[in-house]
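Subject: Structure handover

Hello,

I am passing this structure on to you. Please have a look at it, then read my notes below.

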Amino acid sequence: MRNTPKIRRIAALGTAVLSALALTACGGREAQSGNDQGSKSVTIGYINWDEDVALTNLYRAVLESKGYQVKTQLLDVGPIYAGLAKGDVDLFLDAWLPATHEQYWKQYSSQLEDLGTWYDNATLNLAVPDYVQGVDSIADLKAHAADFGGKITGIEASAGETGIVEKTAIPKYGLDGTITLQNSSTTAMLAALDSSIKDKKPIVVTLWHPHWAYSRYQLKDLKDPQGAMGKGEQLHAIGRKSFGTDFPTLAEVAKNLKLTDEQLGSLEDLIQQAPKGQEKAAAQKWIDQNKAFVDQAFTGL
């Protein structure tokens, strides 16, 4: 498998978490002044999901060109919500609502600001390569569990999709005792998917839309007649409490920005192909290719 920027980024997760904890221990960020002109320093937390990596680098490139000092922190989803609630993180661009991040939203929403939806066709899926025969529905996994080594290859244990598969999909389809969810990381899941496809071996993985894997590989989402994986969701930008007061123009940008599948896919693709450390440059290339859209979307900054 090509050593993609995303795979390399996940290696920084532990360091990022420790950095976040150190930041909290030191008392967090200084209070902002309460207006855009005086609040030019912004911390964006992001998870290692491609749409978030892509959008975070888009924001970073645009904001820095407008004179903002942008700090990005790669964290797991739980610490991001906690960081927002504490004020250590200003902005998070990949809140999956209402289902995937439901537990975090219930816990922290009173300390957060919902800045609106920027993508409204997000789905959680169990997927297999299209060459896998006889498995077209989640229900089919029971009879074919041995083909997959008795496991669904998953991602991080803290991910919302992990809980949905473990607590809803597996029991709803009677898969207990025949197939289990193997938690790992997004990187490990993608590596296993790539390896299995190269060898034409069966594999079932936790996946989601939007994701670049659907462009790179021939995959099929397993049908979910019982609705265990939930309905389509929306991707929200959320800020810490008083974000809209401290960053009124930026909050307005977040509320109005919308991306289509085509726009998001092309942005993700450029960043996926970028060498390590060049993700912002890749985002800038996309900005240059989509200048009219970016100028309109980020107007007023």
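Strand 4 (residues 112-129) and strand 9 run antiparallel, joined by six bridges. On that side, A122 stands opposite E233 in strand 9. Keep in mind that this is a predicted model.

Strand 9 has another partner to look at. Strand 3 (residues 91-97) pairs with strand 9 in the antiparallel sense, over five bridges. Here F92 stands opposite I238 of strand 9.

Is strand 9 enclosed or open? Strand 9 covers residues 233-240, and seven of its eight residues are buried. It is therefore largely enclosed by the rest of the structure.

Now to another part of the chain. Strand 1 (residues 41-46) pairs with strand 2 (residues 69-74). The sense is parallel, and there are six bridges. Y46 stands opposite L74 in strand 2. Together with helix 3, strands 1 and 2 make a right-handed β-α-β unit.

Helix 3 (residues 50-65) also meets helix 12 (residues 279-289). Their axes come within 8 Å and cross at roughly 75 degrees. Angles of 65 to 115 degrees count as roughly perpendicular, so helix 3 is roughly perpendicular to helix 12.

Which residues of the two helices meet? Helix 3 brings N57, L58, R60, A61, V62 and E64. Helix 12 brings E279, K280, A283, Q284, W286 and I287. By class, this contact has six nonpolar, four charged and two polar residues.

Best wishes

Conventions:
Residues numbered from 1 in each chain as written. Predicted model: local features only at pLDDT ≥ 70, side-chain atom pairs only at ≥ 80, totals over all residues. Heavy atoms only, no water. Axes fitted to C-alpha atoms, helices over the stretch in contact; angles between N-to-C directions. Helix = DSSP H or I, 4+ residues; strand = E, 2+ residues; numbered from the N terminus. Parallel < 35°, antiparallel > 145°, perpendicular 65-115°, else oblique. Contact = heavy atoms within 4.5 Å. Nonpolar A, V, L, I, M, F, W, Y, C, P; charged D, E, K, R; others polar. Pairing = 2+ DSSP bridges. Right-handed = clockwise from strand over helix to strand, strands pointing away. Buried < 20%, exposed > 50% of the residue type's maximum accessible area, 1.4 Å probe, protein only.
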